[in-house]
Amino acid sequence: MTNLLLLSPVGLPLAAAALYAAAGWRPRSTAWAGVLTTALLAVDAITLAVTVNGRGPVHTAGGLIRADALSAWMLLGVAAVALLACWASPAYLAAGHGSRRRSRWYGVLLHLFIAAMASAVLAGNLGVLWVAIEATTIVTAFLVGHHRDRAALEAAWKYVVICSVAIAVAFLGLVLLYYAARHGGLSGEGALDWATLAGHAHHLDPAVTRIAVGLAVIGFGAKAGLIPLHAWLPDAHSQAPAPVSALMSGVLLPVALYAVLRVKAIADPALGASYLRTLLLILALSTLALAALLLIGQRDYKRMLAYSSMEHMGLIALAAAIGSQLAVAALLLHMAGHGLAKTVAFLSSGHILHRHNSSQISDVRALATRMPSLAGLFGLAVLALLGFPPAALFASELGIARAGATAGLTWVTAVAFALVVVAFAALAAHTGRMLLGPASVGSTVAAPADDPPPALTMAAAMPLIAGLLGIAALGITLGPVGGLLQAAATIVAAP
């Protein structure tokens, strides 16, 4: 039973990918197979979370696949966002986004992407974790270029080049960590096993480990959109299909930060908390500052959402730097809330793009009066990203602020949240113009009175409504996942 729970999260998306490869994308038959597959993935993730919360960590395949409370929490996030993205995909492709042949490959690649992210969070070995994150780069490069126009292909190449450099930097860090582990007396099988490394961290050579950790954090941090290798993110998120952008922002970025958390669990007992804290604070504040500045002058609403993702990843990196149990619990809650909110925001932006044929903020005006249902869903998603209650991000940001003050990082936390306020103000201003601003003369939104924009169908609206309900539920009460969250925070929190 345990083996099935651990292998199914990877096997289910792979089975769906094989189905699309064999049968193609057929609106009346195979189009909804991905929804069924990800629904089963969500059931598996819930069952695994209950198992881990009751019995403790479980593993299979000689420890190469392992789940503890942190893995189970991340898998729940992967499954939830994947379900929403796959639920929205039939309506997205039915709107004419790609030929039948490209739709087939979209289905194959989307589920390979989900399988790679599930593999990453269930990897019991840092080498397997690295391979899984590298696999996400390969698969999503084709998804970013799905539309085959010049901008999409440029974004795909930029994504491949920058992320390949980043993952090579992370690989070098893991090689040095393996070297330190071997010289610290660990066997070849245990030298990259993260549980073994965390348990024997005091045997690692501090000088080599310091270099290894720095390289690994910078490399994996680049996949999360942190400075300095962040430039791929706005282009890739803005050019990818809306469900893919939702997966990239809602899950891929947190999975990359999950890798940083696994490295942190080894680095803190080996080097003390101050080294990685300093590095993460530099990355967090730099990323927050850049995202805030770029959001102020942003003219493209999909790039606006991408820079918002950078800002939230910077805030999560700040919480990781603080490192207390409260900070890590708030960090994990923020990952979940941001993932759902950004999924709804990107899926909504896909419908806006389809109706206006433009991603420019200046071309989208008076959305609230012309398409109230779509405007309401998009606006609620942005309000959740701004941290308004009852969204989960309100509780998580409050927790991060409290943790920073308690840890003696009051001024650093104050500077970070000042930058967050700037970013939030810019995001609110741009969104307000889209929802409430008057339609300008010559704008693409100035449609004739007898040809109003089509209303959002119930089938297209349901995944967006479900995502918003999930955000509110997490913000009101953690319920049965509260114990899992606290257990996951204990794994990463500084000793």
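**View 1. Helix H8 passes helix H11 in a right-handed crossing.** A crossing is right-handed if the near helix is turned clockwise from the far one by less than a right angle, and left-handed if anticlockwise. The model is predicted: local features need pLDDT of at least 70 and side-chain atom pairs count only at pLDDT 80 or more, while totals for chains, interfaces and linings use all residues. Residues are numbered from 1 along each chain as its sequence is written, and side-chain values use heavy atoms, with hydrogens and water left out. H8 covers residues 206-223 and H11 residues 273-296; their axes come within 11 Å and cross at roughly 25°. H8 is therefore roughly parallel to H11 (angles under 35 degrees count as roughly parallel, over 145 as roughly antiparallel, 65 to 115 as roughly perpendicular and the rest as oblique). Axes are lines fitted to C-alpha atoms, for helices over the stretch in contact, and angles run from 0 to 180 degrees between N-to-C directions. Helices (H or I, at least four residues) and strands (E, at least two) are DSSP runs, numbered from the N terminus. On H8, the contact (heavy atoms within 4.5 Å) is made by Arg 210, Val 213, Gly 214 and Val 217, and on H11 by Tyr 275, Leu 276, Leu 279, Leu 280 and Leu 283. By class, seven of these residues are nonpolar, one is polar and one is charged. Ala, Val, Leu, Ile, Met, Phe, Trp, Tyr, Cys and Pro count as nonpolar, Asp, Glu, Lys and Arg as charged, and the others, Gly among them, as polar.

**View 2. Helices H13 and H19 pack at an angle of about 120°.** H13 spans residues 325-356 and H19 residues 482-492, with their axes 8 Å apart. The angle makes H13 oblique to H19, and H13 passes H19 in a right-handed crossing. H13 contributes Gln 325, Val 328, Ala 329, Leu 332 and Leu 333 to the contact, and H19 contributes Leu 485, Gln 486, Ala 488, Ala 489, Thr 490 and Val 492. Eight of the contact residues are nonpolar, three are polar and none is charged.

**View 3. The largest nonpolar core has 187 residues.** Such a core is a set of buried Ala, Val, Leu, Ile, Met, Phe, Trp, Tyr and Cys residues joined through side-chain atoms within 4.5 Å. Buried means under 20% relative accessible area, exposed over 50%, and partly exposed in between (1.4 Å probe, protein chains only). Phe 220, Leu 247, Met 248 and Leu 332 have the most contacts inside this core. Helix H10 (residues 242-271) supplies its largest share, 20 residues. Leaving aside residues up to four places away in sequence, Leu 332 touches Leu 70, Trp 73, Leu 261, Leu 485, Ala 488 and Ala 489.

**View 4. Ala 61 and Ala 366 have positive phi values.** Phi of Ala 61 is near 55°, and this residue lies in the loop between strand S1 (58-60) and strand S2 (65-67). Ala 61 is partly exposed, at 44% relative accessible area. Ala 366, with phi of about 55°, sits in the loop between H13 and helix H14 (367-370). Ala 366 counts as buried, at 14% relative accessibility.

View 5. Pro 390 is in the loop between helix H15 (372-385) and helix H16 (392-406).
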